[in-house]
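Dear colleague,

Here is the structure I said I would pass on. My notes follow it.

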Amino acid sequence: MILGIREFSSWSEVELEDLLAAFRKAKADCFFERSAYVAEQFAEYEEKLFDNLQRLLDRLRAGDVAAVFAESQHVPGVFAKGVIFEPKHLKERAPHAFFSDAERAFERLRAAHDIIPEFRVVGNFAVDMHVVSGLWINCIGHKFDARLSGHAFGSRVRRYGREPAPSDRPQGAYQYEAIGTFDPYFQPYRRWRDSGVAAIRTALEADDPVVALTLDFSAYYHCIDPQFIVDERFLSTIGLQLSNWEIEFSEALVAALKAWSLNAATMIGVDDLAPAQLGGLPIGLSAVRIITNVLLFEMDEAIISALHPIYYGRYVDDVFLVIKDSGRIKSPDELWSYISNAIPMFELGEGNVEVRLPGGYQGETRLRLKPEKQRVFFLQGQAGKDLLGNIAHQVRTLSSERRLMPLVDEMDSSSASARALAAAASAAEEPDSLRRADGLTLRRLGWALQLRSAEILARDLNPTSWTEQRRGFYDFACSHILRPDKILEHVDYLARLISLAVSLADWSHAHRMFRESERALEDLQEAVGDGHCKVNGEIVAASPRLWADLRTWVRGACREAILRSLPWDGWTGAPRRMPREAERLFALVGIFETKAEVARIALSLREADLAKRPYKEHLRHDAVQERTQIGGESDLTESFSDAGDRQRLRNLQAFLHTTRGEEPTTGVRRRHERCDRSDMADAPSLLPYLLATRPYTAQEVALYKPDECVFGPRAQAFEKWGAYTRAVRGAWHGPADDQDEPIQSDAAPPFRSADLGAGRSSRPVRLGVTSLETTKQSWEAAALGRPDLTPARYDRLSTIVNLAINARPRPTHLLLPELSVPDRWLPTITSRLLEAGISLIAGLDYEHYIGGEISSSAALVLRDDRLGFPSSIEIRQPKLQPAPGEEEDLYRAYGNTWKKWPLDRHPVYIHDGVYFGLLVCSELQNIRHREAFQGYVDLLAVLSWNRDLDTFSALVESASLDVHA
């Protein structure tokens, strides 16, 4: 066994723990898959998890794997891909007419264009199928991925260690323990795109002309015969040897995929194509992502060896190629002649390029590169640089918006993402770009950013404080998204939009938007009429069944979105009342259960970590009690055969048990205090943590276990931090802290200290010292236990944070004053700052405790990548004593008394080799605090909310002398 990966020679050797690991992977993969809605099925399966897995294991051991695959295939679904507008008449270019009204714009489109909707057939599988698919990846599929070089960016499995160089194959082992199978989408995609643009820019700056080619395959997933993965010729080509059992398992998977392909092809009904060339492979099954990626292994190798490109990158079926321009190639046709002569597998036909892989293993797979999917750029000199800059500008503008905190007042059409949506009123009008599809890509990216901003604001603000802006956002969605010419481009985001409205109890708006989407689909279907559509890339009749199947998918996705997003009452720990508007929406999407049953399903989704709100947040804010154990769970520890797995399970149990109550030195809580009082008949379940989709982060581990993971000897704290992080999220860490220059023992303070980050950083320390208004009204609201979560305060903070992110050079640490940040906003602020490489030190609003006690704290969120991946450590430092006037005001006006803390002095922090101390406002007046830091710190930060500038000016001057004496 290597890092949890087990090798088998027969089904009899597979154990329950192997299926549990496969379920864990499959659950997370499906949770983040937009084309499938299976959360309800997974939650129901998990309620009797061990019974279901044991039943599945018995069948697999009995040799029924083919029957399991067959019984797990449901009727394929229909998923919208987009819409094509083809001009009806080729004639002189008519004057451009723009209609801001959606109905008139669509009327003009209908008159001037043939409308061809595009659909794709997607998988619809039982949970057993996803589990066995996960098992195949854990046992076999990761070996196929390991044969691909770094030139393949997309659909790569998670591995230990750093990203390989493009020419190298991955050296790190497969992350068997990690949550989910694959690297997240955005980072590899951005690397693929930005690396190509950077390679072009570098060549042009060296005065080397280049030819850049972008292309993708036509209906790639739907034209693949999976038989090649068990073909000895292909296995020999990629240098992979499989055992007899691995071949047997893979053959069963191939047979199941071919059966699905036949069903999909029959459903589409094109007689002159083989099933593999029409149905292909189902989107939505994790194993398929491995298969489709590795198929192009030999094409990758041939391009690198024959063309010696300046850059070559492939994101599944999207290719980005940059070669030197010799000056002899005058046109795209000549470019393809050059490529096909160098690489015979590229065969030129009439109007397209076909790839025929050598080796005889391609089978019925059909790989076509059509002209409309290609763009060729001949770039040189300053003009080439200018064009490159123009091409990258829109994407760069939207990408920079993604890195910033949203502003409430920009939830209308003033943001860059909204302009990207509103500017292209017609889907038939595409801007110039690196890829012809980028007009669509930019619109989808723009809408995704708008929706993401709204979701962040929904999480951070009180719903009643931004009602008007939210109504404007919903109106924007109806005007620019839920309209006949755009609905198919964005229909996969409809469930997210409905989810947002439901989570805020905007039931009438959710109902309105769903009805608008239905009307848009009806109008589009009426406009298409008896015409044609594309299904899996092939032109077929636009039958009523296709539209009905699409509506079934839309209703199913929205049903699940509503159940996952049902609003909760944080005061009572129960779902909020479901009004009549909710019942009307329920009827539209097929929720016919009673309100009590709806609430039960919603709770089960939360407790399975499949809801909109993660289980860890549900437990902290909304829960009445923890999820209880299910049958068979008490024997969980004994089910693991590997000693390392058992130790990680014990570490998980230790972390959960020791963080059940209030952390004594910081006051933070992992669970709501209601959970302390609940009279649970059964023990708490480990499954929400063991099978989490959004587990505790390394930052949260440090927050809840500061004494073990933060303070104390550096090596010991690091080891504990890594062990607990690995236990809760499956993230491996290096065997030792690789600090180059260990802190000398005689330099370390003789009291509590935290030694974090790199040992000695080469980066200069830059402090972003802010001046940020905290109003008297905000202070009063925090003192009452009702923090000020208004848009005005949020925009002030967002502006400061965004200024820091956009600054050149950026600060390494951003300091925000005392009482300036509500705890609820801290995750949003820190996520934006940390992505920009900025640590945060901020004063938080008052926190209220049992018995009328109150206190304030400083939050330190410091970058720390010692675990081997970008991460951070969060620390809360309470203000030990209030200012005299502060204590009096809190008691007299609100009846609050200051919380007594078990510590009498503050620690020294060592971050990237810089020693510093931290005080909160009036603590600077306490000479014992200043004396404690004397000789041990490079700087002392004081977070203040104080108008007494004269007194504090003198104190600062005095402290600057005595602290550094």
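Is D865 buried, partly exposed or exposed? In this predicted model, D865 counts as partly exposed, because its relative accessibility is 39% and the class lies between 20% and 50%. D865 pairs with R863 in a salt bridge, at 3.7 Å from N to O. R863 is partly exposed too, with a relative accessible area of 23%.

Other salt bridges

The structure holds 62 salt bridges. In one of them, D300 and R314 bring their closest N and O atoms to 2.8 Å. That pair links distant parts of the chain: D300 sits in helix α11 (residues 297–307) and R314 in strand β4 (residues 311–315), 14 residues apart. Both D300 and R314 are buried.

K705 and E708 form another salt bridge, with 2.6 Å from N to O. Here K705 is buried at 7% relative accessible area, whereas E708 is partly exposed at 28%.

There is also a network of salt bridges, which links E626, R660, R669, R671 and D676.

The chain as a whole

The protein chain has 35 helices and 25 strands. Its radius of gyration is 30 Å, close to the 30 Å that the globule rule gives for 965 residues, so the chain is as compact as a globular protein of that length. The C-alpha trace spans about 85 × 70 × 65 Å along its principal axes. Of the 965 residues, 58% count as buried.

The charged side chains number 116 positive and 137 negative, and the centres of the two sets lie 2 Å apart. Carbon and sulfur atoms account for 50% of an accessible surface of about 39700 Å².

Regards

Technical notes: Residues are numbered from 1 along each chain as its sequence is written. This is a predicted model: local features need pLDDT of at least 70, side-chain atom pairs count only at pLDDT 80 or more; totals for chains, interfaces and linings use all residues. Side-chain values use heavy atoms; hydrogens and water are left out. Helices (H or I, at least four residues) and strands (E, at least two) are DSSP runs, numbered from the N terminus. The radius of gyration is taken over C-alpha atoms; the globule rule is 2.2 Å times the number of residues to the power 0.38. Buried means under 20% relative accessible area, exposed over 50%, partly exposed in between (1.4 Å probe, protein chains only). Accessible areas come from the Shrake-Rupley method with a 1.4 Å probe; for residues, only the protein chains shown count as cover. Lys and Arg count as positive and Asp and Glu as negative; His and the chain ends are not counted. The place of a charge is taken as NZ of Lys, CZ of Arg, CG of Asp or CD of Glu. A salt bridge is a side-chain nitrogen of Lys or Arg within 4 Å of a carboxyl oxygen of Asp or Glu.
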